[in-house]
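This briefing is intended for a reader who has the sequence and the coordinates at hand. Please read the points below alongside the structure.

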Amino acid sequence: SKSKNAPGTKMVFVPGGEFLMGTDDPGIPPDGESPQRKVHLNHFYMDVHEVSNHQFQSFTNATGYVTEAEKFGDSFVFEGLLSEEVKSQISQAVAAAPWWLPVRGADWRHPEGPDSSIADRLDHPVLHVSWGDAVAYCTWAHKRLPTEAEWEFACRGGLQDRLYPWGNKLNPKGQHYANLWQGEFPTHNTGEDGYIKTSPVRSFPPNGYGLYNMVGNAWEWTADWWTVHHTTDRQPNPTGPPSGTDKVKKGGSYMCHKSYCYRYRCAARSQNTPDSSASNLGFRCVSPEQP
């Protein structure tokens, strides 16, 4: 079917096997990154990059799908990206993170609110998609969201027990390998890696499996419900707890800085309610079969 080949959808083969999931280094203890544990996975195929605005547009054009952010009428945007005009109309923020503002009219077509557009960003990751929106896209494309274990195995790119998809050094030989925050968070992003916001989905070197932007750029939804209690028993193809209130997201984003959100490591994880959407959250799909 045509939908299987949304524009530019290339998938790479991720071999099955056993790997060490999580970490026993402190990481971020409340996030439940430990204990490190042996996980065995079957092989699968994964989108070579995050689902782009262009791809998501093909989906909505074909199906008429309306995202949850569009139905709710607002979505969360990082304050540093908003125009003065949009900012002047907002009164509330998130107490724990005052740089997140609910913006009326912010959605995947208008990532920073009604006065913004994706016209010059069709090759950037789609943002402001809820977990439900991501599942709807994957289903249309005859794919699914990765489990957290599949995502982490893919992120590691065949390297055992390394911090990042490419190794242990953040900037090997002074090179940037991911779209992250440089400077002082949340006041000043120097954009030293070339980007203040998202970057095109094929930016930066791919990992050992040929996957782009597994960390940085945009957070990525996974299939799993969130928990912080993990067994050390060896697990085959784990799928997370049977129920929960939040879904796991992986990979960090262009807003991650070590001082605040050291979550651009393979083992790092975070969570959101399934109806959440934000200006730094997207997804990619997997498939058990060759696409």
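In which loop does Phe 204 lie? Phe 204 belongs to the loop between strand 8 and strand 9. The model under discussion is a predicted one. Its protein chain comprises five helices and 14 strands. With a radius of gyration of 18 Å, close to the 19 Å that the globule rule gives for 291 residues, the chain is as compact as a globular protein of that length.

**Overall dimensions and surface**

- Taken along the principal axes, the box filled by the C-alpha atoms of the protein chain is roughly 55 × 45 × 40 Å.
- Buried residues make up 55% of the 291 residues of the protein chain.
- Among contacts with a separation of 6 or more in the protein chain, 73% involve residues 24 or more positions apart.
- The protein chain exposes about 12,500 Å², and 51% of that area is supplied by carbon and sulfur atoms.

**Nonpolar cores**

- The largest nonpolar core contains 49 residues, and those with the most contacts inside it are Phe 44, Met 46, Phe 56, Tyr 137 and Phe 283.
- Several elements give two or more residues to this core, including strand 1 (11-14), strand 2 (17-21), strand 3 (37-41) and strand 4 (44-47).
- When neighbours within four places in sequence are left aside, Phe 56 is in contact with Val 51, Thr 67, Trp 108, Val 126, Val 129, Asp 133, Tyr 137 and Phe 283.
- Another core, of ten residues, lies apart from the largest one; among its members are Phe 78, Leu 81, Trp 100 and Ala 278.

- Ser 253 is located in the loop between strand 11 (247-250) and strand 12 (270-272).
- The relative accessible area of Ser 253 is 0%, and the cut-off for burial is under 20%, so Ser 253 is buried.
- Beyond its neighbours within four places in sequence, Ser 253 is in contact with Asn 179, Leu 180, Gly 216, Asn 217, Ala 218, Trp 219 and Asn 280.

**Cis peptide bonds**

- A cis peptide bond runs from Ser 34 to Pro 35, with omega near -5 degrees. Pro 35 has its place in the loop between strand 2 and strand 3.
- The peptide bond from Phe 185 to Pro 186 is likewise cis, with omega near 0 degrees. The loop between strand 7 (183-184) and strand 8 (188-189) holds Pro 186.

**Positive phi values in residues other than glycine**

- Lys 173, which is not a glycine, has a positive phi of about 50 degrees. This lysine is found in the loop between helix 5 and strand 7.
- Is Lys 173 buried or exposed? Its relative accessibility is 85%, and the cut-off for exposure is over 50%, so Lys 173 counts as exposed.
- Phe 204 also has a positive phi, near 65 degrees, although it is a residue other than glycine.
- Phe 204 counts as buried because its relative accessibility is 15%, and burial means under 20%.

How values were computed
Residues are numbered from 1 along each chain as its sequence is written. This is a predicted model: local features need pLDDT of at least 70, side-chain atom pairs count only at pLDDT 80 or more; totals for chains, interfaces and linings use all residues. Side-chain values use heavy atoms; hydrogens and water are left out. Helices (H or I, at least four residues) and strands (E, at least two) are DSSP runs, numbered from the N terminus. The radius of gyration is taken over C-alpha atoms; the globule rule is 2.2 Å times the number of residues to the power 0.38. Buried means under 20% relative accessible area, exposed over 50%, partly exposed in between (1.4 Å probe, protein chains only). Contact means heavy atoms within 4.5 Å. Accessible areas come from the Shrake-Rupley method with a 1.4 Å probe; for residues, only the protein chains shown count as cover. A nonpolar core is a set of buried Ala, Val, Leu, Ile, Met, Phe, Trp, Tyr and Cys residues joined through side-chain atoms within 4.5 Å.
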